[in-house]
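The exercises below are meant to be worked with the sequence and the model open side by side. Try each task before reading the solution that follows.

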Amino acid sequence: MLWDMDGTLINSLPSIVYGLQKASGKNLDEEKLLSLLKVNSYVAFEHFGLDDSIRARFKEIERGIHPSEKKPFPDIKQVLSESDINVIVTHKDKKSAEDLLRYWRLDHYFAEMLCLEDDNFPRKPESGSYEYLHNKYHIDLVVGDRELDFIPARKLGIPTCAFQNPAIEADFHINTYKEFNIVKQSLKKES
């Protein structure tokens with residue numbers, strides 16, 4: 001399985017909201033900000049009139065938030081342990097992504113992690129990172145929380161599972177990882 005990290009494996013959206021508010025110096029409507037971040041950060045920046053120059057400051061603030069404040073979603077370890085292969089494609093920088101996985105003892109569940117900017121792959125929704133991982137590991141499912149997580153999967157014909165976002169097009173939708181057995185059973189029937 002190919003996983004997105006922020007908002008899918010790790011509940012890091014509250015720290016992202018905090019980082020954006022602090023970097024912008026504005027009290028942004030959290031609910032609206034979260035809904036826009038589910039699209040992408042560029043949409044959120046535009047909506048709130050945030051200058052792209054604060055992006056570096058935001059990343060610095062967000063990186064400084066201790067991993068204990070960015071918890072894995074409940075039951076994710078069980079789902080990861082039952083998968084043959086897990087890989088990650090994230091926009092997060094390599095050091096903070098590795099630190100986060102190590103802190104929560106999730107690192108051993110993953111065969112490979114691509115941090116797009118550090119690993120010289122184009123950002124999602126470009127498909128280069130997915131193509132590379134699919135050719136290497138034969139990915140059978142992409143799990144994410146935003147539409148841009150699924151555009152490359154569709155291009156490659158890989159089934160998709162949306163986590164906590166019923167508004168996006170996906171083959172499966174779940175709100176908790178307790179529901180993941182339904183997805184696994186459906187995938188087995190299709191193969």
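**Exercise 1. Find what covers the buried residues of helix α8, and say which residues these are.**

Step 1. Helix α8 spans residues 147-156, and its buried residues are L148, D149, F150, P152 and A153; here buried means under 20% relative accessible area, exposed means over 50%, and partly exposed lies in between (1.4 Å probe, protein chains only). Helices (H or I, at least four residues) and strands (E, at least two) are DSSP runs numbered from the N terminus.

Step 2. The cover over these buried residues includes α7 (128-137), β6 and β7, where contact means heavy atoms within 4.5 Å.

Step 3. Just after α8, G157 takes a positive phi of about 75°.

A note on the basis of all these values: this is a predicted model, in which local features need pLDDT of at least 70 and side-chain atom pairs count only at pLDDT 80 or more, whereas totals for chains, interfaces and linings use all residues. Residues are numbered from 1 along each chain as its sequence is written, and side-chain values use heavy atoms, with hydrogens and water left out.

**Exercise 2. Determine on which side of helix α9 its buried residues lie, and what covers them.**

Step 1. In α9 (residues 180-190), the buried residues are F180, V183 and L187. They are on the same side of α9, because they cover an arc of only 55° around the axis, the arc being that of the directions from the helix axis to the C-beta atoms.

Step 2. As background, an α-helix has 3.6 residues a turn, so residues three or four places apart point the same way.

Step 3. On the other side of α9, I182, K188 and K189 are exposed.

Step 4. The elements that cover the buried residues of α9 include α5 (76-81), β6 (142-144), β7 (160-163) and β8 (172-174).

**Exercise 3. Count the aromatic pairs and describe two of them.**

Step 1. Rings of Phe, Tyr and Trp (its six-membered ring) pair if their centres lie within 6.5 Å; planes under 30 degrees apart count as stacked, over 60 as edge-to-face and the rest as tilted. By this rule there are seven aromatic pairs.

Step 2. One of them joins Y103 and W104, with 5.0 Å centre to centre and 85° between the planes, and is edge-to-face. Y103 counts as partly exposed because its relative accessibility is 38%.

Step 3. Y177 and F180 also form an aromatic pair, this one tilted, with 6.3 Å centre to centre and 55° between the planes. Y177 is buried at 3% relative accessibility, and F180 is buried with a relative accessible area of 2%.

Step 4. Y177 and F180 belong to one aromatic cluster together with W3, F73 and F163.

**Exercise 4. Which rings does R55 lie over?**

Step 1. A charge sits over a ring if NZ of Lys or CZ of Arg is within 6 Å of the ring centre and within 35 degrees of the ring normal.

Step 2. The charged end of R55 sits over the ring of Y42, 4.3 Å from its centre, and R55 also lies over the face of F45, at 4.2 Å from the ring centre.

**Exercise 5. Describe the protein as a whole.**

Step 1. The secondary structure comes to nine helices and eight strands. The radius of gyration is 16 Å, close to the 16 Å that the globule rule gives for 191 residues, so the protein is as compact as a globular protein of that length; the radius is taken over C-alpha atoms, and the rule is 2.2 Å times the number of residues to the power 0.38.

Step 2. Buried residues make up 51% of the 191 residues.
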